[in-house]
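I opened this notebook to record what I looked up about strand pairing, salt bridges and aromatic contacts. The entries follow the structure shown here.

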Amino acid sequence: QMQLVESGGGLVQPGGSLRLSCAAFGFTLDYYAITWFRQAPGEEREGVSCHSSRGGSTNYVDSVTGRFTISRDNTKNTVYLQMNNLKPEDTATYYCAAVPGYDCYGSPEAYDYWGQGTQVTVSA
């Protein structure tokens, strides 16, 4: 079955770092745009950062610029989100999502495939 699996979440102190992974099974990510979303308790799901199938990237949340970096390794069929200088406001469940084609989209409705999520908690 086609599946996305997130990993790398955990509990971290403010100012710490985490690296999230999104691995695809049953299909290749080479020709998909991949977006990391996050959802905090009681909040709507929001787009965080996207990597297009042609190598470009887009941040949808201003507060992550300079702290979060999205990247892709096609040999491992995996997309990463490197998160540095984490803040309590970053606490959420993080999901990766894939849509065929080159373009990135910030709305959840555009995406065909979703992982189950990985929890990130930033607390002193």
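Entry 1. I began with Glu46, which is partly exposed at 34% relative accessibility; buried is under 20% relative accessible area, exposed over 50%, and partly exposed in between, with a 1.4 Å probe and protein chains only. The model is predicted, so I noted that local features need pLDDT of at least 70 and side-chain atom pairs pLDDT 80 or more, while totals for chains, interfaces and linings use all residues. Residues are numbered from 1 along each chain as its sequence is written, and side-chain values use heavy atoms, without hydrogens and water.

I took a salt bridge as a side-chain nitrogen of Lys or Arg within 4 Å of a carboxyl oxygen of Asp or Glu. I found three by this rule. Glu46 pairs with Arg38, the closest N and O atoms being 3.0 Å apart. Arg38 is buried, at 6% relative accessible area. Arg38 also meets Asp90, at 3.1 Å from N to O. Arg38 is in strand 4 and Asp90 in the loop between strand 8 and strand 9 (92-100), so this pair ties together parts 52 residues apart in sequence. Strands are DSSP runs of E with at least two residues, numbered from the N terminus.

Asp90 has a further salt bridge to Arg67, at 2.8 Å from N to O. Both Asp90 and Arg67 are buried. Shared partners join Arg38, Glu46, Arg67 and Asp90 into one network.

**Entry 2. Strand 3.** Which strands pair with strand 3? I found strand 1 (residues 3-7) joined to strand 3 by five bridges, running antiparallel; strands pair if DSSP finds at least two bridges between them. Glu6 has Cys22 of strand 3 as its bridge partner. Strand 8 (residues 78-83) also pairs with strand 3 in the antiparallel sense, over six bridges. There, Arg19 is partnered by Gln82 in strand 8. Six of the eight residues of strand 3 are buried.

**Entry 3. Aromatic rings.** I searched the whole structure and found seven aromatic pairs. Rings of Phe, Tyr and Trp (its six-membered ring) pair if their centres lie within 6.5 Å; planes under 30 degrees apart are stacked, over 60 edge-to-face, and the rest tilted. Phe27 and Tyr113 have ring centres 5.2 Å apart and planes at 35°, so I recorded the pair as tilted. Phe27 is buried at 12%, whereas Tyr113 is partly exposed at 23%. Ring pairs also link Phe37, Tyr95, Tyr111 and Trp114 into a cluster.

How values were computed
Helices (H or I, at least four residues) and strands (E, at least two) are DSSP runs, numbered from the N terminus.
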